[in-house]
Amino acid sequence: MQKYGVNELRRMFLEFFESKEHLAMKSFSLVPHNDNSLLLINSGMAPLKPYFTGQEIPPRRRVTTCQKCIRTGDIENIGKTARHGTFFEMLGNFSFGDYFKTEAIHWAWEFLTSDEWMAIPKDRLHISVYEEDDEAYDIWTKKVGVAPDHMVRLGKEDNFWEHGSGPCGPCSEIYYDRGERFGCGKPGCTVGCECDRYIEVWNNVFSQFENDGHGHYSELKQKNIDTG
């Protein structure tokens, strides 16, 4: 497996999704525009909320970005783990009422494992899905071909993405297994463990609900994809 620098990874990701008819957009400001639910932009989808809700018309129904983000919620873990950061760039591909779970899952797998792109060994990757999302589980196992022993079902705390008000939904994460020497040594060590063996490298959010900020959910008129 070849090693890539940050600039190379950014270029490859954006070029891959441009080949899938996505519009590559520049990073938005770290200061949210007309969004009182956030102090700072904390994810790739945050500046795109109006497109997800249908309040504004996107420049294209398929978009890809490399968004600058700030997250302070994990600040106490900085330096203690290999998987937390505060100021970083988040790569993402987004669908506004266009493709949904099948395409998002297949394209994530293609970029990470195909020889033309990242060429990560498939046996080093593990997948988590929301415990009630049988559709995503079946796509991974029956269509992509991921072995059941590389699949994990997790609850809402781990595999249902929401942050303040706005679009949200179940998600499916891809983890890279760094090997036993990075693990905690416990017999049950697997995806979701607090050690640094399994590192999340991709999160497919199947955005199909609207959270009003008070825990009330309603179906979005259009199903969307938000990844990071």
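Residues are numbered from 1 along each chain as its sequence is written, and side-chain values use heavy atoms, without hydrogens and water. In this predicted model, local features need pLDDT of at least 70 and side-chain atom pairs count only at pLDDT 80 or more, whereas totals for chains, interfaces and linings use all residues.

**View 1. Crossing of helices α1 and α3.** Helix α1 (residues 6-18) and helix α3 (residues 101-113) have axes that come within 11 Å and cross at roughly 135°. Because of this angle, α1 is oblique to α3 (under 35 degrees is roughly parallel, over 145 roughly antiparallel, 65 to 115 roughly perpendicular, and the rest oblique). The passage of α1 across α3 is a right-handed crossing. On the α1 side the contact (heavy atoms within 4.5 Å) is made by M12, F13, F16 and F17, and on the α3 side by W107, E110 and F111. By class, this contact has six nonpolar residues, no polar ones and one charged. Axes are lines fitted to C-alpha atoms, for helices over the stretch in contact, and angles run from 0 to 180 degrees between N-to-C directions. Helices (H or I, at least four residues) and strands (E, at least two) are DSSP runs, numbered from the N terminus.

**View 2. Crossing of helices α3 and α4.** The axes of α3 and helix α4 (residues 134-144) come within 10 Å, crossing at roughly 50°. The angle therefore makes α3 oblique to α4. This crossing of α3 and α4 is right-handed. From α3, K101, T102, I105, H106 and W109 take part in the contact; from α4, E135, A136, I139, W140, K143 and V144 do. Six of the residues in the contact of α3 with α4 are nonpolar, two polar and three charged.

**View 3. The second largest pocket.** Its volume is about 440 Å³, taken as the space filled by probe spheres set on grid points joined across faces, edges and corners. A pocket is an open set of points on a 1 Å grid where a 1.4 Å probe fits, with protein on both sides within 12 Å along at least five of seven lines; lining residues have an atom within 4 Å of a point. There are 21 lining residues, and H33, N34, D35, K49 and P50 are the closest to the pocket centre. The elements giving two or more residues to the lining are α2 (49-53) and β7 (166-177), and α2 gives the most, with four residues.

Note on methods
A crossing is left-handed if the near helix is turned anticlockwise from the far one by less than a right angle, and right-handed if clockwise. Ala, Val, Leu, Ile, Met, Phe, Trp, Tyr, Cys and Pro count as nonpolar, Asp, Glu, Lys and Arg as charged, and the others, Gly among them, as polar.
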